[in-house]
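Here are a few notes to read with the structure open beside you. Take the points one at a time and find each place as you go.

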Amino acid sequence: GAVVSQHPSWVICKSGTSVKIECRSLDFQATTMFWYRQFPKQSLMLMATSNEGSKATYEQGVEKDKFLINHASLTLSTLTVTSAHPEDSSFYICSASRGGTQPQHFGDGTRLSIL
Amino acid sequence: KNEVEQSPQNLTAQEGEFITINCSYSVGISALHWLQQHPGGGIVSLFMLSSGKKKHGRLIATINIQEKHSSLHITASHPRDSAVYICAAPYNNNDMRFGAGTRLTVKP
């Protein structure tokens with residue numbers, strides 16, 4: 001149980017385009033979803049926390065107009081990287097939780113490469 | 001100082017060896033996670049533990065809440081165990097703090 005699917009797993013696109021990444025909890029209702037970013041050989045850095053039906057809470061230094069997060073249902077959250085640039089190239093990972101102190105379940109991640 | 005410290009940063013072992021990875025944290029938590037990140041990037045949650053010891057196959061995780069220390073052990077290591085192992089400490093509301101990870105390479 002507790003499967004989280006992230007799509008796409010890899011995306012390459014031109015600078016200036018917007019990229020949407022989906023995170024789905026397949027077999028449970030995810031009250032809370034988290035978006036992380038990981039640079040090579042570094043640890044995961046939390047970008048934002050989203051609760052179903054409300055606005056995401058962004059970590060300091062993360063541009064909310066750049067990284068649009070939508071958590072419209074209990075099984076789906078999306079991260080849209082708007083007007084992506086090469087410096088946005090990174091590994092993005094989502095996780096989902098039933099909320100409270102329930103554990104997070106991680107997606108497989110999305111490798112984003114901006115040319 | 002990072003709130004979650006892991007050691008060693010890199011670890012190379014021969015197949016069959018007993019592996020220990022350590023994690024120390026500086027904040028009060030109710031539980032600690034051990035995660036495994038495969039070379040492709042996907043993350044698997046190995047353990048969440050709040051006290052004592054948990055075992056799953058060849059993996060054993062221990063935690064000492066008073067000393068704010070946890071260890072992950074791998075018995076009879078195998079090349080397929082090669083991955084990055086990350087400990088993570090959740091703050092309130094599931095806000096996680098991650099260690100930098102331990103890159104394990106098990107050679108045949």
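1. Let's begin where the two chains meet. In this predicted model, chain B and chain A bury about 1400 Å² between them, and 55% of that area is on carbon and sulfur atoms. On the chain B side 17 residues are in contact, and they touch 19 residues of chain A.

2. What holds your eye across this interface may be the polar pairs. The rule finds 3 residue pairs in polar contact between chain B and chain A, both partners at pLDDT 80 or more. The count of salt bridges between the two chains is 0.

3. Which parts of chain B supply the side that touches chain A? Strand 4 (32-37), strand 5 (43-49) and strand 10 (96-98) of chain B each give at least two residues. The largest share, 3 residues, comes from strand 4 of chain B. Sorted by class, this side of chain B has 7 nonpolar, 8 polar and 2 charged residues.

4. The largest pocket has a volume of about 530 Å³. It is lined by 26 residues, and the closest to its centre are Pro40(A), Lys41(A), Gln42(A), Val84(B) and Arg103(B). Strand 9 (90-97) and strand 11 (110-114) of chain A give two or more residues to the lining, as do strand 9 (83-90) and strand 11 (102-107) of chain B. The lining divides into 10 nonpolar, 13 polar and 3 charged residues.

5. The second largest pocket holds about 420 Å³ of space. Of its 22 lining residues, Leu44(A), Met45(A), Leu46(A), Met47(A) and Glu59(A) are the closest to the centre. Two or more lining residues come from each of strand 5 (45-51) of chain A and strand 10 of chain B. By class, the lining has 9 nonpolar, 5 polar and 8 charged residues.

6. Finally, please check some backbone details. Most residues other than glycine have a negative phi, and most peptide bonds are trans. A cis peptide bond joins His7(A) and Pro8(A), with omega about 0°, and Pro8(A) is in the loop between strand 1 (4-7) and strand 2 (10-13) of chain A. In chain B, the bond from Ser7(B) to Pro8(B) is cis, with omega near -5°; Pro8(B) lies in the loop between strand 1 (4-7) and strand 2 (10-14) of chain B. Ser83(A) has a positive phi, near 45°, and is found in the loop between strand 8 (76-81) and strand 9 of chain A.

Conventions
Residues are numbered from 1 along each chain as its sequence is written. Chains are lettered from A and ligands numbered from 1 in the order in which they are written. This is a predicted model: local features need pLDDT of at least 70, side-chain atom pairs count only at pLDDT 80 or more; totals for chains, interfaces and linings use all residues. Side-chain values use heavy atoms; hydrogens and water are left out. Contact means heavy atoms within 4.5 Å. Buried area is the accessible area (1.4 Å probe) that two parts lose on being put together, summed over both. A salt bridge is a side-chain nitrogen of Lys or Arg within 4 Å of a carboxyl oxygen of Asp or Glu. A polar contact is a pair of N or O atoms within 3.5 Å; within protein, one must be able to donate a hydrogen and the other to accept it, and residues adjacent in sequence count only if both atoms are side-chain atoms. Helices (H or I, at least four residues) and strands (E, at least two) are DSSP runs, numbered from the N terminus. Ala, Val, Leu, Ile, Met, Phe, Trp, Tyr, Cys and Pro count as nonpolar, Asp, Glu, Lys and Arg as charged, and the others, Gly among them, as polar. On a 1 Å grid over the protein atoms alone, a cavity is a set of points where a 1.4 Å probe fits but cannot get out, and a pocket is an open set with protein on both sides within 12 Å along at least five of seven lines; lining residues have an atom within 4 Å of a point. Grid points are joined across faces, edges and corners, and a volume is the space filled by probe spheres set on the points.
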